Amino acid sequence: MLNSAVIVFRECLEAALIIGIIAAATRGLPGRARWIVGSVMAGVAGSVLVALGADEIANLAEGYGRELFNAGVVMIAAAMLAWHCIWMARHGRELAASARQVGQAVASGSAAFSALGTVIALAVLREGSETVLFLYGLLAGGEQSAFQVALGGLAGLAGGALAGYILYAGAVRLPMKAFFAVTNGLIALLAAQMASQGARFLSQADLLPTLAAPLWDLSAWLPDGSVIGRTLNALAGYRAMPSGIEVVFYATMLAAVVIAMELVRRLPSPSAPSPA
Amino acid sequence: MKISCIAASLLLSLAATGALAADPEVNLTLKDHRFDLTEIKVPAGQRVKITLRNLDSTPEEFHSDSLNREKVVTAGGTATFFIGPLKPGKYPFMGEFNAKTAQGVVIAE
């Protein structure tokens, strides 16, 4: 039971932290709770479908269907996160200035926010389908009763949700100016992390070279399996022994987002004179 | 899927360069939640193709932090993936769903 709790926790942690960041970043958005819950449920439903079709997906593309599927999922999520960051660079100041009446500013950017809903669904989908397979395996293995499996799974889920909530609660306590910088920074790091994950899946299927494996080794200092390692991995894509291609994708995505945000910030304001 | 297919075909052309030389292959079997090979010796500096057959009636996930690999293999299924080229060293791996018994290490030398 402990085993299943630990694995479910590990699988949900990343999705939970992503939801925590996005819930914080969309604070004040009308109807937010509804679409966050809706996105999570869409992700869960998708997870079950993907787990049911695991054999079919695995056999696509000469056995690399799962890598292509996962790479597609994380690359789409990376693109949406990057887009949101860039949109926020343009409009964040207006939002910060009128945080109590975000309605109008948000209405104009509702597409940028609904992209985040898609990111939630994709994050739940990717982590969730593996969790479903694992729990199914436990049940089919017959060593544990359905009750034990359910209890362990729920404990792991609760742990993940708690981690996501702590992140959320911490972020919303920040002063407004720091809040936008922190949530946007976290979302930019998520985009970079998703891009590097995509590169990892493609190199696993030999569609990209690894370049160097590993490029460096920090496993003696901060192993991936440690609590801090896991958390940093979920938040910022930390890996103790990354391959070269992961680092290239990570750095390229992060640089692209930061540069695009800076360029967009310098554009003249489209509407009224900006409240510099 | 459409987007990933387009991306994949773009990337295929990038990756095609290294595909000429035959890669060393390793056949790995999972039975009763254990790997038949707990020590896999591979040449350092060469990409290696791993074929993992799962003879169990439950799914498994090949997982290795040090190899940066995660691959689900369904019950009774076969999974193929690539590791490396690796620097000399030891790279532990496990079956994440049965980590107590499914353990092994890749030794690159």
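1. In which helix of chain A is Ala191(A) found? In this predicted model, Ala191(A) lies in helix α8, which covers residues 176-204 of chain A.

2. The surroundings of Ala191(A) can be stated briefly. Ala191(A) has 27 other C-beta atoms within 10 Å and therefore counts as buried, the cut-off being 20 or more. Leaving aside residues up to four places away in sequence, Ala191(A) touches Ala78(A), Leu81(A), Ala82(A), Cys85(A), Met253(A) and Val257(A). Tyr238(A) is 47 residues from Ala191(A) in sequence, and the two C-alpha atoms are 13 Å apart in space.

3. Helix α10 of chain A takes in residues 244-266. From the first C-alpha to the last, the 23 residues of α10(A) reach 33 Å, close to the 33 Å expected at 1.5 Å a residue. The buried residues of α10(A) are Ile245(A), Glu246(A), Phe249(A), Tyr250(A), Met253(A), Leu254(A), Val257(A) and Met261(A). Among them are Met253(A) and Val257(A), both of which Ala191(A) touches.

4. Chain B holds one helix and nine strands. Along the sequence the pattern is α-β-β-β-β-β-β-β-β-β. Of the 109 residues in chain B, 40% are buried. When contacts in chain B between residues at least 6 apart in sequence are considered, 58% join residues at least 24 apart.

5. An open sheet of four strands in chain B has the order β2-β1-β4-β7, and its pairing is mixed. The edges are β2 (34-35) and β7 (78-83); each has a single partner strand, so one side of each is left without a neighbour in the sheet.

6. Within that sheet, how do β1 and β4 of chain B run, parallel or antiparallel? Strand β1 (residues 25-31) and strand β4 (residues 48-54) run parallel and are joined by six bridges. Asn27(B) stands opposite Thr51(B), a residue of β4(B).

7. The contact between the chains draws on 39 residues from chain A and 32 residues from chain B. On the chain B side, α1 (2-15), β6 (69-73) and β7 each supply at least two residues. The most comes from α1(B), which gives eight residues. By residue class, the side of chain B that touches chain A divides into 16 nonpolar, 10 polar and six charged.

Note on methods:
Residues are numbered from 1 along each chain as its sequence is written. Chains are lettered from A and ligands numbered from 1 in the order in which they are written. This is a predicted model: local features need pLDDT of at least 70, side-chain atom pairs count only at pLDDT 80 or more; totals for chains, interfaces and linings use all residues. A residue is buried if 20 or more other C-beta atoms lie within 10 Å of its own, exposed if 12 or fewer, and partly exposed in between; C-beta atoms are placed from the backbone. Two residues are in contact if their C-beta atoms, placed from the backbone, lie within 7 Å. The expected span of a helix is 1.5 Å times one less than its number of residues. Two strands pair if DSSP finds at least two bridges between them. Ala, Val, Leu, Ile, Met, Phe, Trp, Tyr, Cys and Pro count as nonpolar, Asp, Glu, Lys and Arg as charged, and the others, Gly among them, as polar.
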